[in-house]
Every structure is written in structure tokens, then in C-alpha cells.
Amino acid sequence: MSELCVQTKNLTKKFGTFTALDGVDFQIMKGEVFGYIGPNGAGKTTTIRTLLGILRATSGDVEVFGKDAWKNAVEIHKQLAYVPGDVNLWANLTGGEVIDLFVSLRGKHDKSRRERLLKDFDLDPTKKCRTYSKGNRQKVALIAAFACEADLYILDEPTSGLDPLMGEIFVEQVLRIKNSGKSVLLSSHILSEIERLCDRVGVIMKGKLIKTGTLDELKQNAADSDNKLPDSMEELFMRYYKNSEGA
């Protein structure tokens with residue numbers, strides 16, 4: 001596989017007269033964790049859905065593993081794992097049955113890893129999905145994804161509903177797959193996750209990717225008039241947000 005895992009060029013997506021994505025350009029390299037941050041409605045999930053081949057770009061190029069994301073979606077999905085921020089499961093199946101279904105579709109998985117993940121995430125796989133809280137539904141999707149052998153993990157608000165302890169387990173798993181040379185696209189409102197996990201970050205506001213780089217590069221770019229750098233990820237985010245509002 002090429003060192004380049006994901007690439008968008010001038011990605012534009014319109015819904016009628018509304019422009020959800022406006023000329024978005026970014027790359028994700030093999031073995032890289034790429035963070036994707038922005039306020040609600042900025043275009044993060046729309047970007048992810050075009051990468052998954054769920055939505056077709058209005059214009060521009062979207063490639064995953066060097067293949068067109070729309071035309072080759074079925075082939076691409078054999079190499080990736082996806083976790084949405086709001087997981088819907090089959091009510092009458094158990095969590096274990098859903099996990100087994102998902103991993104069987106992938107083909108390559110590690111049964112012993114599945115058992116370790118169930119233990120680490122403290123999930124009872126014998127319970128029906130209709131009895132699960134939002135957090136437990138999220139655990140099912142995470143376990144199914146992390147039990148698989150994928151080349152790209154697309155995680156869209158993956159820790160929504162998880163408590164801080166389970167958030168730490170999530171961080172450990174992302175670091176594990178990163179260290180094995182896999183790529184991750186992480187969209188999250190939990191900025192501490194972004195700071196701990198990501199090699200590079202893209203900041204999207206109102207459908208436009210306004211800056212991409214390492215955290216140090218983003219902080220340098222966000223220096224105030226006195227050349228003072230942001231003290232935290234929250235301050236960094238707010239400076240970009242205020243600048244975009246004033247643009």
C-alpha cells in the first residue's frame with residue numbers, strides 16, 4: 001500500500017443551494033492519526049460520509065488507498081473499520097452477536113483480541129442490545145472495529161457516551177493500532193483526545209478547511225497580537241473559531 005492512505009482535492013459537497021464542504025484538501029499518511037476538529041455543522045461528518053462512499057462529492061477528488069471513494073466503495077470497505085458517534089443496533093440481538101456479525105463481514109479478526117476487548121471495555125456480550133445504554137452501544141461498535149484487522153480506522157465522535165475510564169481504554173487502543181502502522185481519522189469534540197493521539201490536525205469551519213498541521217504548527221499560527229501562543233487545546237480551538245467568525 002502507498003504511504004498515502006487518504007487524499008481529498010478540492011472536495012466540494014452541495015445540498016441544493018447549501019455548500020456543506022467548500023474545496024477541502026487534506027491527506028492522511030500510513031501510520032498516522034489525523035484529527036479533524038470543528039464546531040457542530042462544520043462539515044466533519046459530511047467529509048467522513050464522502051470518504052465512506054455514502055455521499056458522492058459534488059466536485060473534486062476523494063481517494064482512499066488510491067481508489068475513488070465513490071466508485072470503489074465496496075472494495076475500499078474491505079480495508080477499513082468505521083465507528084459512528086450515534087450507534088444503532090438490532091434490538092433483539094445480543095451485543096456479542098452484533099460484534100460477531102460485524103467482524104465476520106470483515107473476514108480477518110482475532111478472537112482472542114475480541115475477548116480482551118470485551119474485558120477491557122467491561123461489556124456484557126450476553127445482554128440484548130435493547131437493554132444497552134448509549135455508552136454500551138458505543139462499546140459494541142468500538143470492540144467490533146478494534147477486533148478487526150483494518151488499514152484505516154474512521155472514528156466519528158467515537159467516545160460519545162463513554163465515561164472517562166472507558167475513554168482511557170479507547171486511547172490505549174488507538175495507540176495500539178497506530179503503533180502497528182495503521183491509519184486513523186479521528187473526529188472528536190474531546191480536545192484532550194486530539195492532543196494526546198493526533199500527529200496532525202485539520203480545523204474545519206463552515207465547510208472550509210482553514211488550517212492543517214501538527215499541534216505545534218497550529219499553535220504558532222494561532223498566536224495573538226502579542227505573539228502569545230494558546231495555553232490549551234480549548235483556547236486554540238476558540239481562536240480559530242473567532243477568527244473564522246470574523247472572516
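**Exercise 1. The pairing of β6 and β7**

Task: In this predicted model, determine in which sense β6 and strand β7 (residues 152-156) pair, and over how many bridges.

Solution. Begin with the direction of the two strands: β6 and β7 pair in the parallel sense, and the pairing extends over four bridges. Next, assign individual partners, where Ala81 has Tyr153 in β7 as its bridge partner, while Tyr82 has Ile154 in β7. As background to this step, strands of a sheet pair through backbone hydrogen bonds, either parallel or antiparallel.

**Exercise 2. The whole sheet**

Task: Give the order of the six strands in the open sheet, and explain why one side of β6 and one side of β10 (208-213) are left without a neighbour in the sheet.

Solution. The order is β6-β7-β8-β3-β9-β10, with mixed pairing, and the sheet that these six strands form is open. β6 and β10 stand at the edges and each has a single partner strand, so one side of each has no neighbour in the sheet. From one strand to the next, the twist averages 15 degrees.

**Exercise 3. The largest pocket**

Task: Describe the largest pocket by its volume, and find which element gives the most residues to its lining.

Solution. The volume of the largest pocket is about 480 Å³. Its lining comprises 20 residues, and those nearest the centre are Leu80, Ala81, Tyr82, Phe102 and Arg106. The elements that contribute two or more residues to this lining are β6 (80-83), α3 (95-106) and α5 (134-146), and β6 gives the most, with four residues. Divided by class, the lining has 16 nonpolar, two polar and two charged residues.

**Exercise 4. β1, β4 and β5**

Task: Work out in which sense strand β1 (residues 4-15) and strand β4 (residues 59-64) pair, and how many residues lie between β4 and β5 in their hairpin.

Solution. β1 and β4 pair in the antiparallel sense over five bridges, and within this pairing Thr8 stands opposite Val62 in β4. β4 is also joined by two bridges to strand β5 (residues 67-68), again in an antiparallel arrangement, where Val64 stands opposite Lys67. The hairpin of β4 and β5 has two residues between the strands, and Phe65 in the turn has a positive phi of about 55 degrees.

**Exercise 5. Asp231**

Task: State where Asp231 is placed, and whether Asp231 is buried or exposed.

Solution. Asp231 is found in the loop between α8 (215-221) and α9 (233-246). Its relative accessible area is 60%, and Asp231 is exposed, since the class requires a value over 50%. Relative to Val184, Asp231 is 47 residues away in sequence and 26 Å away in space, C-alpha to C-alpha.

Definitions and conventions:
Residues numbered from 1 in each chain as written. Predicted model: local features only at pLDDT ≥ 70, side-chain atom pairs only at ≥ 80, totals over all residues. Heavy atoms only, no water. 1 Å grid on protein atoms, 1.4 Å probe; cavity = no way out; pocket = protein on both sides within 12 Å on 5 of 7 lines; lining within 4 Å. Points joined across faces, edges and corners; volume = space filled by probe spheres on them. Nonpolar A, V, L, I, M, F, W, Y, C, P; charged D, E, K, R; others polar. Pairing = 2+ DSSP bridges. Axes fitted to C-alpha atoms, helices over the stretch in contact; angles between N-to-C directions. Buried < 20%, exposed > 50% of the residue type's maximum accessible area, 1.4 Å probe, protein only.
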